[in-house]
Amino acid sequence: MGQQHPLPEQETGEVYTTGNVLIRRIGERLTRKIGEMLLDIGAAKRFGLDIGCAEGHLLADLKRQGVIGEVVAVELEFDKIMSSVAGDTGVRFMQGDAENIGVRSETFDYVMATEVLEHLPHPEKALAEICRVAKRKAPVILSVPYEPYFHIGNICRGKHLHRGGRTPSHLHFWHRKEFRNLITPYVRIEKECTFATFPWLLYLCTCK
């Protein structure tokens, strides 16, 4: 991920590790839709990049499902790479910045950046970098919290009340139109999920 502040421990991978059954079920809806998109693009037989993999919970789940094959995972924080739960799945890890990925242009068949862009100081730089390292017209999967519903959900469960429910590590709080305006200079939207992945926005795109 980019040069954002490190995530507080209680935020890191919360949707995968929480004991709250409801939150786990809501998170599983997002993971399931991401998996369906990866199946649609034939990711199991393609070379992919996952940006901001954190502790690798999503990657480990996708590997177990068999929907992804060879993947490089980029993460800014070395400690997260070392503690990754996807370490024994064949994923190749690289410490790096989402806004300056250290690989040559047009390397990857597809790119994922899920729950990452909201943490970055300059998400537009990350989007430009995604399009640089992806092959021409390659699929791109993006997800971010759907605001204001995400931070309203935090309020309802008593989280971050002093910040009006806004997650401390989030630098951006996009509603649907704002996020579409951010990404459309870089990618063409092929599929949008809002209700099925609520309270997240999920997009299957292609690089322009």
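**Salt bridges in the predicted model**

Arg 176 counts as partly exposed, at 35% relative accessibility; here buried means under 20% relative accessible area, exposed over 50%, and partly exposed in between (1.4 Å probe, protein chains only). This is a predicted model, in which local features need pLDDT of at least 70 and side-chain atom pairs count only at pLDDT 80 or more, while totals for chains, interfaces and linings use all residues. Residues are numbered from 1 along each chain as its sequence is written, and side-chain values use heavy atoms, with hydrogens and water left out.

Side chains of opposite charge can pair when their charged atoms come close. I call a pair a salt bridge when a side-chain nitrogen of Lys or Arg is within 4 Å of a carboxyl oxygen of Asp or Glu. By this rule there are eight salt bridges.

Arg 176 meets Glu 192 in one of them, at 2.9 Å from N to O. Glu 192 lies in strand S6 (residues 187-193) and Arg 176 in helix H7 (residues 176-183), so the pair ties together parts that are 16 residues apart in sequence. Helices (H or I, at least four residues) and strands (E, at least two) are DSSP runs, numbered from the N terminus. Glu 192 is partly exposed, at 27%. Arg 180 joins Arg 176 and Glu 192 in a network of salt bridges.

Now to helix H3 (residues 57-65), where Arg 64 and Asp 61 lie three residues apart, about one turn of the helix. Their closest N and O atoms are 3.7 Å apart in a salt bridge. Arg 64 is exposed, at 65% relative accessibility, whereas Asp 61 is partly exposed, at 22%.
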